[in-house]
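Subject: Structure handover

Hello,

Here is the structure I promised. Please open it first, then read my notes below.

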Amino acid sequence: MHTPFDLLAIFIVILTQWQMSRQCLAGAARRFSARGLAIAHWAVAAFYALMAVAFASGFSFLASEYHLPASPSQIAGAVAQIWLFGSTAGYLAYRAVRFLGERFWGATFNSSRRRLLNATGSALLAAPFAIVGYGALVERLDFHVRELDIPVPNLPDGLDGLRLLHLSDIHLSAFLSEKDLARVVDTANELRPHLALVTGDLITAAGDPLEACLRQLARLRADAGILGCMGNHEVYARSESATEREGARLGIPFLRGKAQALRFGGAVLNVAGVDYQRSGSGYLSGAERLVLPGAYNVLLSHNPDVFPVAVEKGYGLTLAGHTHGGQVSVEILHQPINAARFFTPFVYGLYRHGAAVEYVTRGIGTIGVPVRFGAPPEIALLRLRKA
């Protein structure tokens, strides 16, 4: 909960759930005896206490801090979020329809209008859960390949047509299996990249299968190898050192304030990487020292907000993830609406600043609710082209 939007969302959920529980208990008061009503009060209190604990356990930094078992805590958190946010959205939509019905038809309805209103309200109550079902069972594992040409002014001949594979936000956890990740790797290998780049969040929380994730990533086949950087979930899981150590053993260097120069023909591609850059702090301190004069400089940063600073420091291309493309995104009047837009202007796709560009991928996995809707998981292949 880092932004006013997060706090507003939590406030709306709490207020709505309070109103729902009041209506539930009012209905119980009309049907139950005094003893039954007391039991209903305790049941409602116990239910929301359980939901609060489950909701909190879904935050990966809390699960890692208190050494909660990874998969059960993620599943509990997902169940709580699906209920709390789904029922809140459905109830608010239902109340809005009731309000509009009373506004236009009056407080009393004839039988046909009442049936229409009840059917509409029921559909709205069910809609959030239907979306969750589709997003979890279908779109979550519908891995898309996106191929994109990136025009670069004055690109050296040796880099023209260079194919960069970009993977991010894998989140190998309770909601993404090693088998699913193996499918991603197999698909990526068919693209025959020159270089594979991974921009963090390999797992979600401490206890997730980090070794399995790295083992699968090591199967990537790229002419110049694989390079990576760290994401915020490596910080939460306290796995940065383990990721760096095991990655090096498997031939995957993670660039932690370091750069690696790669020669392609007579040209040099200089790839620098930084650890997760926390929002609100000074971005990319010292990263200018990693820029190689005469080379085309690429920055790997999990947080896409660093882009304007990266341009100032001399990077021509920034690759990032972190946002999941919003994870759940709805287009209204040709504008994507999702939670990520409330805390960053760099949600998904290609962004330009003068001659420099940034690509933000939707990534592979999910966090929180295991749902993708309007933002399918992505395997990105970027081709450098002369502008």
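Which residues form one aromatic cluster? They are F55, F59, F61, F85 and Y236.

Two points on the source. This is a predicted model, where local features need pLDDT of at least 70, side-chain atom pairs count only at pLDDT 80 or more, and totals for chains, interfaces and linings use all residues. Residues are numbered from 1 along each chain as its sequence is written, and side-chain values use heavy atoms, with hydrogens and water left out.

Now the aromatic pairs. Searching the whole structure gives eleven of them (Phe, Tyr and Trp rings, the six-membered one for Trp, with centres within 6.5 Å; planes under 30 degrees apart are stacked, over 60 edge-to-face, the rest tilted). F61 and Y236 make a tilted pair, at 5.8 Å centre to centre and 55° between the planes. This pair links distant parts of the chain, 175 residues apart. F61 sits in helix α3 (residues 60-65) and Y236 in helix α8 (residues 232-236); helices are DSSP runs of H or I, at least four residues, numbered from the N terminus.

F61 counts as partly exposed because its relative accessibility is 40%. Y236 is at 19%, so it counts as buried. The cut-offs: buried is under 20% relative accessible area, exposed over 50%, partly exposed in between (1.4 Å probe, protein chains only).

F346 and Y351 form an edge-to-face pair, with 5.2 Å between centres and 90° between planes. F346 counts as buried at 13% relative accessibility. Y351 counts as buried at 19%.

Best wishes

Key. Helices (H or I, at least four residues) and strands (E, at least two) are DSSP runs, numbered from the N terminus.
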